[in-house]
Amino acid sequence: MKYKKAFAKQYFQVQQVNGGALIGIARKYKNPEERNLDKPHSHSVWVSNGKSYSSGLPKDYTSRIENGSIIEVELDMHAGTLSYKVDGIAKGIAVSDKSLKEGEWYPTAHFGMNGDSVRIK
């Protein structure tokens, strides 16, 4: 699944099953070395602490997201924003960046520990 500007708003949902995944969007990686969260092509929320990460820079965003929660990610390519809902409650804009208006973006889940998992809804 990839997102292009032809569709203004794109959504996907996951259920946090276990651990501390980073849920968000990223550009297509050209090689494995590019899979770092400090690159300008990755925007996500870390469920363990609720911080949003844009190009590797953290900011306070929401409280910890508990196991079992449904996380909805919304990319608005016309506005250049990335927003989240947790269990149906809007958390507001996590990232506002002109780069979100261009190119192709892909839904992502980054895992750091054995046992971290999400379920695609």
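Author: Two strands pair if DSSP finds at least two bridges between them. Strands (E, at least two residues) and helices (H or I, at least four) are DSSP runs, numbered from the N terminus. The model discussed here is predicted: local features need pLDDT of at least 70, side-chain atom pairs count only at pLDDT 80 or more, and totals for chains, interfaces and linings use all residues. Residues are numbered from 1 along each chain as its sequence is written, and side-chain values use heavy atoms, with hydrogens and water left out.

Reader: How many bridges join strand 2 to strand 3?

Author: Five, and strand 2 (residues 22-26) and strand 3 run antiparallel. Ala 26 has Ser 42 of strand 3 as its bridge partner.

Reader: What do strand 3 and strand 4 form?

Author: A hairpin, with five residues between the two strands. Gly 50 in the turn has a positive phi of about 75°. Three bridges join strand 3 to strand 4 (residues 52-54), again in an antiparallel arrangement. His 43 stands opposite Ser 54 in strand 4.

Reader: Why is strand 3 largely enclosed by the rest of the structure?

Author: Buried means under 20% relative accessible area, exposed over 50%, and partly exposed in between (1.4 Å probe, protein chains only). Strand 3 (residues 42-46) is largely enclosed because four of its five residues are buried.

Reader: How should I read confidence?

Author: pLDDT is the predictor's confidence in each residue, from 0 to 100. The chain averages 85, and 85% of the residues score at least 70.
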